[in-house]
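Here is my notebook for a first visit to this structure.

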Amino acid sequence: MLIHIDDLWQAASQQAVYRRLLASFAYPARVEAVDDLLPGVASERALLATLCDASTTLADPDRLLPSEDWGFLKARPLDAGAAALVVVDGRLPAGVDPTVGDVLHPERGATLLLVVDALEPTPAPTAAVLRCRGPGIAGERVLSAEGLHPTWLGARGRWNARFPAGVDALLCAPGRFAALPRTTTVAQES
Amino acid sequence: MILQAPASDLPPRASWVRLLMAADRRALLACARELGGRYAVRHRAAPQAGLHLLQVRDGAFGEPYFLGEIPTAAAQVAVRASDGVDHPGAAWVMADDAELAQAIAVIDAVLSAGLPHQEAARRLLEQGRAACAREGAVRAHMLERTTVDFSLLSETDDADADHADEAGASGDPDHDRATDTDHADPH
């Protein structure tokens, strides 16, 4: 290659991240790492680099992505209410209304990337402790999301009330992420 | 640093890719590497190479259809001058060669911004122009050889008709009979 290009935009890295992404949806609420694949790269950037191309639509209402990324992602910018992928700051109160699709077209429901401070597979005293159940989870799985604003869980419940329509979520923390598909029921430990 | 203004003696920018594609590939890559050593060059989008499905519209009804696949490569770069200003360059070439697209994009940025140290790039443009001119001459010659002078056919027809008229008016019945037979329906 004549000019250096970051690993984030290389096919080999993106394929490796994609494997983790598949695993995360197969085993909801399980913490998956990306820092071993892309050290120092924000997990939401790694996921978007893997998921986006010219046919996808993306909203970044909180301007979390570096402006240079848009040229590489090639995704079409859209309003958060219409985009297929929405990246938002999960530490702020829920302020978007993503598309949920409908019964005949549940695939049109958006995928939300919620950026939080940290994710742990065990209860943490200062974090939002999520007790998750559903397909892909044997019994119950605990996920601690440090910094997650409590309003997001209520909003998620409303979006997923008319299953199979709904929204899939990816919680993104530095170096790691976890999936919360719409099939997963989440109860927050008080 | 004082930037050189884009020179008016350069060919139109729209022709640069075609001209540079006609230049020597090795020299083109060397030139881009040399410019990459002088300036900070970064990608603005991931370079891509592969097949492109070419869609066109038919001339009668304007309906879109796929003509076929063509190999293409594309690159978008930014070349940072010493004053810290980024100058964009891009190339979309008809070749499955991402490295070539990057090299042309770098040269495009340097030439369009009028940056210094563009002498080698200018020589490549000139080399490409000469190569295109040679190819154009060959094609023109080939085209010339396919030319059909329909006016000669017309003259031949006229001559035949005149000859037939003269024979018909001659009063020679044998000649008139032969002419009728020539025009008779073979079935």
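Entry 1: Before anything else I needed a cut-off: a residue counts as buried when its relative accessible area is under 20%, as exposed when it is over 50%, and as partly exposed in between. I also kept in mind that this is a predicted model. With that in hand I looked up Ala29(A), which has a relative accessible area of 1% and is therefore buried. Ala29(A) sits in the loop between helix 1 and strand 1 (32-33) of chain A. I then asked myself which residues Ala29(A) touches, leaving out those up to four places away in sequence. They are Cys132(A), Arg141(A), Val142(A), Leu143(A), Ala178(A), Ala179(A) and Leu180(A).

**Entry 2: an arginine in a strand.** Next I turned to Arg133(A), which lies in strand 7 (residues 128-133) of chain A. Its relative accessible area is 44%, so Arg133(A) is partly exposed. Not counting residues up to four places away in sequence, I found Arg133(A) touching Gly139(A), Glu140(A), Thr183(A), Thr184(A) and Thr185(A). I also checked Gly90(A), 43 residues from Arg133(A) along the chain, and noted 21 Å between their C-alpha atoms.

**Entry 3: two helices of chain A.** How do helix 1 (residues 11-26) and helix 2 (residues 43-51) of chain A pack, and at what angle? I noted an angle of about 105 degrees, with the axes 9 Å apart. Helix 1 and helix 2 of chain A are therefore roughly perpendicular to each other. Helix 1 of chain A brings Gln14(A), Val17(A), Tyr18(A) and Leu21(A) to the contact, and helix 2 of chain A brings Ala46(A), Leu47(A), Ala49(A), Thr50(A) and Leu51(A). Sorted by class, that contact has 7 nonpolar, 2 polar and no charged residues.

**Entry 4: the layout of chain B.** I counted 6 helices and 3 strands in chain B. Along the sequence they follow the pattern α-α-β-β-β-α-α-α-α. Chain B has 187 residues, and 30% of them count as buried. Among its contacts between residues at least 6 apart in sequence, 62% join residues at least 24 apart.

**Entry 5: the cores.** Where is the largest nonpolar core, and which residues have the most contacts inside it? It has 38 residues, and Val79(B), Val106(B) and Ile107(B) have the most contacts inside it. Two or more residues come from each of helix 1 (16-22), helix 2 (25-38), strand 2 (64-80), strand 3 (86-93), helix 3 (98-113) and helix 4 (119-145) of chain B. Helix 3 of chain B gives the most, with 11 residues.

I went back to Val79(B) for its contacts beyond four places in sequence; among them are Tyr39(B), Val41(B), His87(B), Val106(B) and Leu115(B).

**Entry 6: an alanine in strand 2.** Ala74(B) is in strand 2 of chain B. Is Ala74(B) buried or partly exposed? With a relative accessible area of 27%, Ala74(B) is partly exposed. Beyond four places in sequence, Ala74(B) touches Pro47(B), Gln48(B), Ala91(B), Trp92(B) and Ala101(B).

Entry 7: Most residues other than glycine have a negative phi, and most peptide bonds are trans. I therefore marked the exceptions. The bond from Phe163(A) to Pro164(A) is cis, with omega near 15 degrees. Pro164(A) is in the loop between helix 4 (151-159) and strand 9 (168-173) of chain A. Lys74(A) has a positive phi of about 65 degrees, and His117(B) has a positive phi near 65 degrees. His117(B) lies in the loop between helix 3 and helix 4 of chain B.

**Entry 8: confidence.** The predictor gives the complex an ipTM of 0.75 and a pTM of 0.78. For chain B the mean pLDDT is 84, and 79% of its residues reach 70 or more. Among the elements of chain B, strand 3 has the highest mean pLDDT (96) and helix 6 (residues 173-183) the lowest (47). Over residues 176-187 of chain B the pLDDT is below 50. Where pLDDT is low, the predicted coordinates should not be read in detail.

Technical notes
Residues numbered from 1 in each chain as written. Chains lettered and ligands numbered in written order. Predicted model: local features only at pLDDT ≥ 70, side-chain atom pairs only at ≥ 80, totals over all residues. Heavy atoms only, no water. Core = buried A, V, L, I, M, F, W, Y, C linked by side-chain atoms within 4.5 Å. Buried < 20%, exposed > 50% of the residue type's maximum accessible area, 1.4 Å probe, protein only. Helix = DSSP H or I, 4+ residues; strand = E, 2+ residues; numbered from the N terminus. Contact = heavy atoms within 4.5 Å. Axes fitted to C-alpha atoms, helices over the stretch in contact; angles between N-to-C directions. Parallel < 35°, antiparallel > 145°, perpendicular 65-115°, else oblique. Nonpolar A, V, L, I, M, F, W, Y, C, P; charged D, E, K, R; others polar. pLDDT = per-residue confidence, 0-100.
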